[in-house]
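Subject: A structure for you to look at

Hello,

Please find the structure below, and read the notes that follow with it open beside you.

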Amino acid sequence: MLFNSVQFLIFFPLSVAFYFSTPAKYRWTILLAASYYFYMSWRPEYAILILGSTIVDYIAAIKMSNYADKKKRTLILMFSLITNLGLLFTFKYLNFFSDSFYNIFKLFNHNATPFELNVLLPVGISFYTFQTLSYTIDVYRGDREPERHFGIFAVYVSFFPQLVAGPIERSTTLLPQFHKTFEPRYDNMKYGLQLAAWGMFKKVVIADRLALFVNQAYSLPNNYTGFDTLLATYFFAFQIYCDFSGYSDIAIGVARVFGYKFMKNFDRPYFSQSIHEFWKRWHISLSSWFRDYLYIPLGGNRVSKNRLHFNTMAVFLTSGLWHGANWTFVVWGGLHGIFLIFEKWSQKTRGKIYALTGINKISHLQQFINIIITFHLVLFSWVFFRAQSLGFVFMIFKKIAKSIIYFNPNKLFVHPISPIYFFVIFLLIIVEILQSHYRLRETIARFPAWLRWTIYYVGLFSLYYLGEFNEQEFIYFQF
């Protein structure tokens with residue numbers, strides 16, 4: 001079931017109505033039933049996987065709490081990790097590694113047949129696996145007590161707003177909320193619906209509309225010029241941002257209607273002045289997960305310079321692989337690791353250049369240059385993220401380079417570019433600039449009623465008339 005579907009428009013208000021009309025003691029049953037129905041609307045049999053993962057981690061956490069012996073606790077934790085990561089590996093990475101080893105054997109003229117597991121990737125498996133892993137690790141570390149109520153723990157694992165694409169919530173912040181009683185509140189519903197509406201706008205008006213051009217340019221590159229492809233790459237940067245942040249906004253808004261608070265997952269990442277800052281603003285729940293459960297355990301930044309570089313690359317190569325079973329994602333993650341290492345290494349040099357040119361005396365100019373450089377480093381990496389294969393990546397760059405070298409204004413763009421593409425991107429930038437200077441929602445709430453409702457109605461009509469309501473899946477569902 002998609003957020004941008006008619007089914008969800010029926011499912012969501014019914015879930016809210018049943019939730020608040022049920023006695024508080026039993027409301028978890030409504031959330032659990034709604035969440036499993038939501039997940040099973042894709043493929044019912046995959047509910048067995050999420051249930052199995054829930055049972056394993058529920059029992060493992062309680063068992064760990066029964067032992068003071070660290071060795072026994074470690075064995076139980078390892079059982080949980082192996083079970084969860086084993087399921088993730090089997091469904092997501094088994095074919096990838098099988099094909100990779102097959103290609104290596106071919107280089108040495110060894111005959112081998114790659115093993116193929118012909119099953120669809122369970123929706124959201126990477127997200128709920130990481131959420132359950134963080135729970136068992138938190139219990140092992142002593143950061144929280146194990147959850148004794150199996151039903152509430154099952155809701156934590158499967159809560160439908162963030163089940164398939166995050167945010168990846170921590171047990172220390174989300175689980176306690178399921179023990180609270182929330183009554184229907186106007187401010188929660190207003191905030192939640194407004195945020196969800198903005199998320200839906202980003203998805204169907206911006207992301208899905210840009211996808212019309214991006215998908216064609218990347219699927220049929222021979223029919224497009226290098227400049228077409230370059231423009232499609234710029235469009236993709238905004239498409240993936242609006243698609244994923246749109247999902248997060250809807251998820252956070254839907255949860256808030258019930259009374260639950262999720263962490264912020266995006267914070268205007270394309271205004272970042274460095275790659276380091278970008279990863280503090282992009283997919284915050286994932287980047288902070290890798291920081292707390294991989295980077296810091298590896299030693300973090302309190303190590304030698306070479307070990308720091310190793311830790312950085314380990315995190316970003318793993319992050320790339322988390323995103324998809326393809327070498328394009330591994331390279332994408334590796335690029336960001338290299339960017340960060342180079343950024344750290346060149347910090348003093350860049351400061352000297354700014355000082356020599358006098359740019360540092362004009363703070364806004366320096367900030368603007370940093371934003372432009374950071375955005376284009378991210379843009380370069382998006383080609384690897386979007387392309388079907390590494391060979392496809394090199395073809396894309398070759399087409400773009402040829403179009404620049406052999407520039408022909410008569411063949412700048414072979415396909416007409418609708419002005420609406422540029423309009424929706426411009427609108428997004430303006431809104432995010434305003435958000436960076438004002439509490440936009442609170443500011444609008446203080447407007448006179450006629451102006452406030454005019455803005456609301458313009459937004460709704462724009463959503464209706466400009467939106468692409470063809471129920472396109474969210475990009476991160478494939479992860």
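Let me begin with phenylalanine 397, which is partly exposed because its relative accessibility is 23% (buried means under 20% relative accessible area, exposed over 50%, and partly exposed in between, with a 1.4 Å probe and protein chains only). Phenylalanine 384, by contrast, is buried, with a relative accessible area of 7%.

Before going on, please note that this is a predicted model, in which local features need pLDDT of at least 70 and side-chain atom pairs count only at pLDDT 80 or more, while totals for chains, interfaces and linings use all residues. Residues are numbered from 1 along each chain as its sequence is written, and side-chain values use heavy atoms, with hydrogens and water left out.

A search of the whole structure finds 75 aromatic pairs (rings of Phe, Tyr and Trp, the last by its six-membered ring, pair if their centres lie within 6.5 Å; planes under 30 degrees apart are stacked, over 60 edge-to-face, and the rest tilted). One of them joins phenylalanine 38 and tryptophan 42 edge-to-face, at 5.4 Å centre to centre and with 85 degrees between the planes. Phenylalanine 38 is buried at 1% relative accessible area, whereas tryptophan 42, at 22%, is partly exposed. Phenylalanine 384 and phenylalanine 397 form a tilted pair, with 5.9 Å between centres and 55 degrees between planes.

Finally, aspartate 249 is buried, with a relative accessible area of 13%. Leaving aside neighbours within four places in sequence, aspartate 249 is in contact (heavy atoms within 4.5 Å) with Leu195, Ala196, Trp198, Gly199 and Lys202.

Best wishes
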